[in-house]
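Hi everyone, thanks for coming.

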Amino acid sequence: MSAIDLAASVRRGEVTATDALATALRAIDARNDELNVFLHVDRDGAEARARAVDDAVASGRDPGPLAGVPVALKDNLCTRGVPTTASSRILEGWRPPYTATVVERLVAAGAVPVGKTNLDEFAMGSSTETSAFGPTRNPLDPERVPGGSSGGSAAAVAAGMAPLALGSDTGGSIRQPAALCGIVGVKPTYGLVSRYGLIAFASSLDQIGPFATSVADAALCLEVIAGHDPRDTTSLPEPAPALVDHLDDGVAGRRVGLVSELVEGADADVVAQVERAAAALEAAGAQVVRLSIPELRLGLSAYYLIAPAEASSNLARYDGVRYGRRVAADELGAMNEATRTLGFGDEVKRRIMLGTYALSAGYYDAYYGQALKVRTRMIEAFRRAYEQVDVLLGATAPSVAFRFGEKTANPLAMYLSDVFTIPTNLAGEAAVSVPFGTGEAGLPIGVQLLGPGRSEARLLAAARVLEVAS
Amino acid sequence: MSRLSRDEVAHVAHLARLRLSDEELTTFTEQLGQVLEHAADLQSLDLTGVPPTAHPFELRNVVRPDVVGESLDPAEVLDAAPDAEDGRFAVPRILGEDL
């Protein structure tokens, strides 16, 4: 059942939140050992929350638009008293003393958080293989990755363990796993959703967003979590935009740009579906033009300097002093080093070192400084494109879900998984991945719709057109 | 040609408070070199006069009235720390300090 239908049934008293939770827990129990989706299932907390929703309905109060809907949370979202690891040994056993704003908003809307999902360690990866707690398997083909870094959240929704999930997207970490698992994923405009309580990876790029099986469910979830938060000073000043009301706006009269750089190098089956999506939008009344935005080719290089640079600074806080694990040593510096050496996995170490190098004296201008200028170029290039068209269209990922181990030996090959999603993060803009057709081995393909900042309503309406056409 | 030497990687690891084995040093030097090699496409660009963007929006200081609000519970925070003493985080000896 969709989140919208489930919430409606719970609000009408036809289904109890307790029963909806039991259904989710049965799905989790059936496949979690096999798929490694949840790192922690908060049974007691979820049952208490579901009872509170049922009590509200019984006493005539409205629990909210997500009444009784089980949601899965990426384990880099802090939940007070509930283990939060970011899939890293360095935070194993930590119970945060506060809860992320997005989780508070979900709960206030009647949703029932069921547990914390697996991710690439500190959200650094594109396959969930860098998790310290083992990879998540793709529910559609357990021999393949679910994508990443929010692979657990994508798999939870794809496997029917929860109708909704939250992830975070720094360079594609919501859209790419959504594509590989055959579901909808939204990377909102930077600042639309509060980052308070999100464990920071690259603060100028990170943004929280929803996973859902339908565009409408994703829109509803985003409406609930969006809007200004005084606890995140980078959150946009305005309240949440109306999204659900615009779902059926369609694309008649919209100008859509099919971007050659957003399909370049993708597998033939992916390119074919993007072409088919362009035709579907045209059939629905859009005017499709072909565009080239050469600056997008520079995104990968700029991203893999900027994101590690910010990460090297953000992850300096894991020093064994205030939270997480400590590896004992008789002197402070030795303790810091031993804790970080044993606490971080290889991918996190690679990014910290890359960022430290890019920021270090003598290299700052050549690497980090140059990348920041490219970022300006990227923003300007998008701005020019949006003078010609309303929406950009491309692939989300270069291929369908790949097999375990295929890209782990070569970090650069793994980084290329994000080549089509990274530019949106660098520009702070919005994008949606929506499933559209299948490719190799019958696996799903996601197409990506991109728009300027605050264009979520327009993008979701276009995604809805593709959802109906697919 | 590698853009990065073993010594540079060892230095960066030290700056980041990470200890690497000889084997790790070899692997990371090669892998980080490949990423920097890929990033070389940026260095060939002439970006003279282009202003840098460190953040998607122009950030301004955000201020609020200086009134006491809800804060984290100190006991809960210290409880989640590896070691605490007398209401403070506790750490091992700092090198060079007389005890």
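Let me start with one pair: the side chains of B:Glu76 and A:Arg80 meet in a salt bridge, at 2.5 Å from N to O. By salt bridge I mean a side-chain nitrogen of Lys or Arg within 4 Å of a carboxyl oxygen of Asp or Glu. The rule finds 2 salt bridges across the interface of chain A and chain B.

A quick word on the ground rules. This is a predicted model, where local features need pLDDT of at least 70 and side-chain atom pairs count only at pLDDT 80 or more, while totals for chains, interfaces and linings use all residues. Residues are numbered from 1 along each chain as its sequence is written, chains are lettered from A and ligands numbered from 1 in the order in which they are written, and side-chain values use heavy atoms, with hydrogens and water left out.

Back to the interface. How many residues of chain A are in contact with chain B? With contact taken as heavy atoms within 4.5 Å, 65 residues of chain A touch 51 residues of chain B. Together the two chains bury about 5,200 Å², and 66% of that is on carbon and sulfur atoms. Buried area here is the accessible area (1.4 Å probe) that two parts lose on being put together, summed over both. On the chain A side, A:Glu337, A:Met353 and A:Tyr357 supply 12% of the area that chain A buries against chain B, more than any other three residues.

A cavity is a set of points on a 1 Å grid over the protein atoms alone where a 1.4 Å probe fits but cannot get out, and its lining residues have an atom within 4 Å of a point. Volume is the space filled by probe spheres set on the points, which are joined across faces, edges and corners. The count comes to 4 cavities of 30 Å³ or more.

The largest cavity holds about 60 Å³. It has 13 lining residues, and the closest to its centre are A:Ala123, A:Gly125, A:Ser173, A:Tyr303 and A:Asp418.

The second largest cavity has a volume of about 40 Å³. Its lining includes A:Leu180, A:Val270 and A:Ile445. Which element gives the largest share of that lining? That would be β11(A), with 3 residues; strands here are DSSP runs of E, at least two residues, and helices are runs of H or I, at least four, numbered from the N terminus.

Definitions and conventions: 1 Å grid on protein atoms, 1.4 Å probe; cavity = no way out; pocket = protein on both sides within 12 Å on 5 of 7 lines; lining within 4 Å.
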